[in-house]
Amino acid sequence: MPGDNKDARRKGNMKCLAYIAVGIIAQTLIIVLFVLLVMRIRNPKVRLSSVAVENLGVNFSSSSPSFHIKLTALVTVKNTNFGHFKFSNSTATFLYRGTEVGEGTILQARARARSTKKLNVTVSVDSSKVSRKSLLHSDINSGVLKLSSYAKLSGKIHLFKVVKKKKSAEMNCTMELNTKTKAIQNLACK
């Protein structure tokens, strides 16, 4: 009977070692999944979700065509990370056929973890920097001005108040301003 006791103890020890090995493997898998899913830091996304025309002045003259527009843009910063994204002041630049025609300030803010921050930006856009040899006269007469906008937000993702990683979000949007209806149409962002 003393041999049975040793065999039983040996089987018990083997079961204990097996349970410990399974526990270590399970903990390792949990840690790997946590690192891959939660600790993975992605760039936030910044977009223009809407643009409203507050004021519109257009000069249809063939000798000196021009426009002056006051826009209010709703900028959204979508943060898909498990930590908040804190960014500094930035500039949203509006362009007409590659020429800068206006800019607005995006004030520093914080997009909470896994949420979307909405910011209003007011921009005065005018054609004073546009070359007189451009297609401005024909665009104004057609009733559609093609505009684009660009912004880059630079900041840090803060995970658990321990990990801080520099990240940036870029916005490239195109839109058309209908001078007859005084509305923005075909707004598309990348």
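User: Which residues form a nonpolar patch on the surface of this model?

Analyst: In this predicted model, the nonpolar surface patch consists of I31, F34, V35, F160 and V162. Together these residues have about 510 Å² of accessible area.

User: Does I31 count as buried or exposed, and why?

Analyst: A residue is called exposed when its relative accessible area is over 50%. I31 has a relative accessibility of 54%, and therefore counts as exposed. I31 belongs to helix α1, which covers residues 2-37.

User: How many helices and strands does the protein chain have, and what pattern do they follow along the sequence?

Analyst: The protein chain has two helices and 10 strands. Read along the sequence, their order is α-β-β-β-β-β-β-β-α-β-β-β.

User: What does the radius of gyration of the protein chain show beside that of a compact globule?

Analyst: For 190 residues, a compact globule would have a radius of gyration near 16 Å, whereas the protein chain has 29 Å. The C-alpha trace spans about 115 × 30 × 25 Å along its principal axes. Of the 190 residues, 34% are buried.

User: Where does L95 lie, and which residues is L95 in contact with beyond its neighbours within four places in sequence?

Analyst: L95 lies in strand β4, residues 90-96. Leaving those neighbours aside, the contacts of L95 are E100, V101, K146, L147 and S148. L95 and T174 are 79 residues apart in sequence, and their C-alpha atoms are 9.3 Å apart in space.

User: What percentage of contacts between residues at least 6 apart in sequence join residues at least 24 apart?

Analyst: In the protein chain, that share is 65%.

Notes
Residues are numbered from 1 along each chain as its sequence is written. This is a predicted model: local features need pLDDT of at least 70, side-chain atom pairs count only at pLDDT 80 or more; totals for chains, interfaces and linings use all residues. Side-chain values use heavy atoms; hydrogens and water are left out. Contact means heavy atoms within 4.5 Å. Patches are made of residues with over 30% relative accessible area and no salt bridge: like charges are joined within 9 Å, nonpolar side chains (Val, Leu, Ile, Met, Phe, Trp, Tyr) within 5 Å. Accessible areas come from the Shrake-Rupley method with a 1.4 Å probe; for residues, only the protein chains shown count as cover. A salt bridge is a side-chain nitrogen of Lys or Arg within 4 Å of a carboxyl oxygen of Asp or Glu. Buried means under 20% relative accessible area, exposed over 50%, partly exposed in between (1.4 Å probe, protein chains only). The radius of gyration is taken over C-alpha atoms; the globule rule is 2.2 Å times the number of residues to the power 0.38.
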